[in-house]
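Biologist: I am new to this structure and would like to learn how to read it. Please take me through the features one at a time.

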Amino acid sequence: MTGARIRQLDYVTQTKGVYLDNYDPDGTRHGGLPTYPYRWAPPGLLTVRQLRAKQLRPGGQDIAAQIIWRRGRRVAYLYREDLAKPKRTATPAQLAAIDKALRARRICSTCRTEKPYYIARSLGECNDCHDQWRFTCS
Ligand SMILES: [Zn+2]
């Protein structure tokens with residue numbers, strides 16, 4: 001796989017003798033995957049996050065390239081924007097199911113009241129019920 005070349009990076013590596021390990025558009029040093037330094041991705045390639053911001057998702061396409069930073073400790077995969085698909089939006093039924101599930105997590109199993117917060121799974125009941133239990137037992 002061969003990725004687009006970045007003119008400014010070609011300039012510094014080819015004429016200034018600068019070695020950029022993370023600039024590897026042919027992927028020769030990175031298992032064939034075109035690789036770019038952080039913030040130097042060619043136009044048209046986006047991370048999943050950037051796609052999501054544009055209401056898009058990779059949609060089953062292969063990873064087109066990667067960006068590497070922090071001395072190779074951070075990697076983000078890039079996808080082609082032109083192959084991305086629109087992000088799926090939930091149907092009213094799905095939204096209702098999500099709402100119900102979230103509501104269930106706010107209902108205390110001891111006093112059955114719906115709380116404005118999620119019941120901590122470790123407590124299994126709302127803070128009021130839990131406090132009551134603690135005060136009577138300590
Ligand atoms: Zn309660």
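Biologist: How many helices and strands are there in the protein?

Modeller: A word first: this is a predicted model. The protein has 4 helices and 6 strands. Read from the N terminus, the elements follow the order α-β-β-α-β-β-β-β-α-α.

Biologist: Into which domains is the protein divided?

Modeller: Domain 1 covers 7–86 and domain 2 covers 92–137. Taken over C-alpha atoms, the centres of domain 1 and domain 2 are 44 Å apart.

Biologist: What radius of gyration does the protein have, and what would a compact globule have?

Modeller: The protein has 25 Å, whereas a compact globule of 138 residues would have a value near 14 Å. The C-alpha trace spans about 75 × 40 × 20 Å along its principal axes. As for burial, 14% of the 138 residues count as buried.

Biologist: What share of the contacts joins residues at least 24 apart?

Modeller: The share is 44%, counted among contacts between residues at least 6 apart in sequence.

Biologist: Now the strands. How many bridges join β4 to β5, and do they run parallel or antiparallel?

Modeller: There are 5 bridges between β4 and β5, and the two strands run antiparallel. β4 and β5 form a hairpin, with 4 residues between them.

Biologist: Which strand do 2 bridges join to β5?

Modeller: That is β2, residues 45–46, which runs antiparallel to β5. Here Leu45 stands opposite Arg80 in β5.

Biologist: Is Arg70 buried or exposed, and why?

Modeller: Arg70 is exposed, because 8 other C-beta atoms lie within 10 Å, and a residue with 12 or fewer counts as exposed.

Biologist: Where is Arg112 found?

Modeller: Arg112 is in the loop between α3 (92–104) and α4 (127–137). Its phi is near 60 degrees, a positive value in a residue other than glycine.

Biologist: How many other C-beta atoms lie within 10 Å of Arg112?

Modeller: The count is 8, so Arg112 is exposed.

Technical notes. Residues are numbered from 1 along each chain as its sequence is written. This is a predicted model: local features need pLDDT of at least 70, side-chain atom pairs count only at pLDDT 80 or more; totals for chains, interfaces and linings use all residues. Domain bounds come from an automatic or database domain assignment. The radius of gyration is taken over C-alpha atoms; the globule rule is 2.2 Å times the number of residues to the power 0.38. A residue is buried if 20 or more other C-beta atoms lie within 10 Å of its own, exposed if 12 or fewer, and partly exposed in between; C-beta atoms are placed from the backbone. Two residues are in contact if their C-beta atoms, placed from the backbone, lie within 7 Å. Two strands pair if DSSP finds at least two bridges between them.
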